[in-house]
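Here are some notes to read alongside the model, colleague to colleague. I hope they are handy while you look around.

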Amino acid sequence: GNHTQPKFILLGITDTPWAQAPLFGLFLLIYIVTLAGNIGLMVLVWVTPSLHIPMYFFLTHFSLVDVCYSTVISPKMLMDLLFGNKTISWGGCVTQFHLFALFVTVECYLLAAMAYDRHVAICHPLSYVMVMSPRACWQLVAWSYLMASLSALIYTSCTFGGSFCGPRQVDHFFCDVSPVLRLTCSDTQGSEVAIFALATANGLGTSVVILLSYGRVLRAVMGMRSAPSKARAFHTCASHLVSVSVFYGTLFFMYLQPASRHGSRDKVVSVFYTVVSPMLNPFIYSLRNKEVKAALGK
């Protein structure tokens, strides 16, 4: 009977009744701000000719991905908090996890592309227009989505490829790797190794590109004689570095640790990178950016 059970049960963030309403109000507000901030930033870039440069081209895709993976998680979480019906179909669970894995992996590659863009702009300014041509930018974005799509297929097949038995209670507020794998009857060691290896390749691979890019940027900036030039260069990279630190810090904590070390604090960390981080990104990029503020003023 358990093998034919068609639904999973998401245990959610908390089972405390009095906390449901305040959490619903808080997360609804965060989700509305996330949509308004990211969609507003995309529209601003699209309608402002002065922002039609590679840096903001990548930023629009970054905002789009933030909207997408926040929407994969937040509406279901909000409905669970409001109505208390925390069931999700097997197909819904697979779809939610697959889309989440897809968009989070795309974000990793986009952050690497944005770091490379800053490296070329500061270290090779004379060849910037040729290297970061519109065609090259589209190719970087296309490769980001392609690599993320292949990775998401592997993540999903490894996570849901086994047989499930017993009470299908997912101890999380969405279908994530570790809580879903705990419900499988079959041996998950091979799946865990494959997922860990691929997450390491994606996470560390893109972070190495970011570190190398900013290492060269730092060396180029330190070689500048003009203090205003140094300040401008650091200012251009500051927003991206803040976003990278927040995103990769929480992601590495969640997915680059052994399965045995996962626990209740995973939910808190997951809330940060699935709900809070997409809300903060447009503010990180716009409040510290004179060009965006000027465009918004116009």
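1. Let's start with the disulfide. Cys-93 and Cys-175 form a disulfide (a pair of cysteine sulfur atoms within 2.5 Å), with their sulfur atoms 1.9 Å apart. The link between Cys-93 and Cys-175 is left-handed, with -120° about the S-S bond. Distant parts of the chain are linked by this pair: Cys-93 sits in helix α3 and Cys-175 in the loop between β3 and α6, 82 residues apart. Helices (H or I, at least four residues) and strands (E, at least two) are DSSP runs, numbered from the N terminus. The structure holds one disulfide.

2. A word on the basis of these values. This is a predicted model, in which local features need pLDDT of at least 70 and side-chain atom pairs count only at pLDDT 80 or more, while totals for chains, interfaces and linings use all residues. Residues are numbered from 1 along each chain as its sequence is written, and side-chain values use heavy atoms, with hydrogens and water left out.

3. Next, burial of the cysteines. Both Cys-93 and Cys-175 are buried, where buried means under 20% relative accessible area, exposed over 50%, and partly exposed in between (1.4 Å probe, protein chains only). Cys-108 is buried too, with a relative accessible area of 4%, and Cys-158 is buried at 14%.

4. Now the salt bridges, each a side-chain nitrogen of Lys or Arg within 4 Å of a carboxyl oxygen of Asp or Glu. The structure holds three of these salt bridges. Lys-76 pairs with Asp-80 in one of them, the closest N and O atoms being 3.0 Å apart. Lys-76 and Asp-80 are separated by about one helical turn because they are four residues apart in helix α2 (residues 54-83). Lys-76 is buried, with a relative accessible area of 16%, and Asp-80 is buried as well, at 6%.

5. Arg-118 forms a salt bridge with Asp-117, and their closest N and O atoms are 2.9 Å apart. Arg-118 and Asp-117 are both buried.

6. Which parts of the chain does the salt bridge of Lys-267 and Asp-171 tie together? The closest N and O atoms of Lys-267 and Asp-171 are 3.0 Å apart. Lys-267 lies in helix α9 (residues 265-287) and Asp-171 in the loop between β3 (169-170) and α6 (177-181), so the pair ties together parts that are 96 residues apart in sequence. Lys-267 is buried, with a relative accessible area of 13%, whereas Asp-171 is partly exposed, at 38%.

7. Leaving aside residues up to four places away in sequence, Leu-111 touches Phe-62, Ile-210, His-240, Ser-243, Val-244, Phe-247, Tyr-248 and Tyr-285; contact means heavy atoms within 4.5 Å.

8. Finally, the record. In an unreviewed entry, UniProt lists residues 23-48, 55-77, 97-116, 136-155, 193-212, 233-256 and 268-287 under "transmembrane region". UniProt positions are given in the numbering used here, feature names are shortened, and annotations may be inferred rather than shown by experiment. In the model, residues 136-155 are 100% helix and 0% strand, with end C-alpha atoms 28 Å apart. Residues 193-212 are 100% helix and 0% strand, with end C-alpha atoms 27 Å apart.
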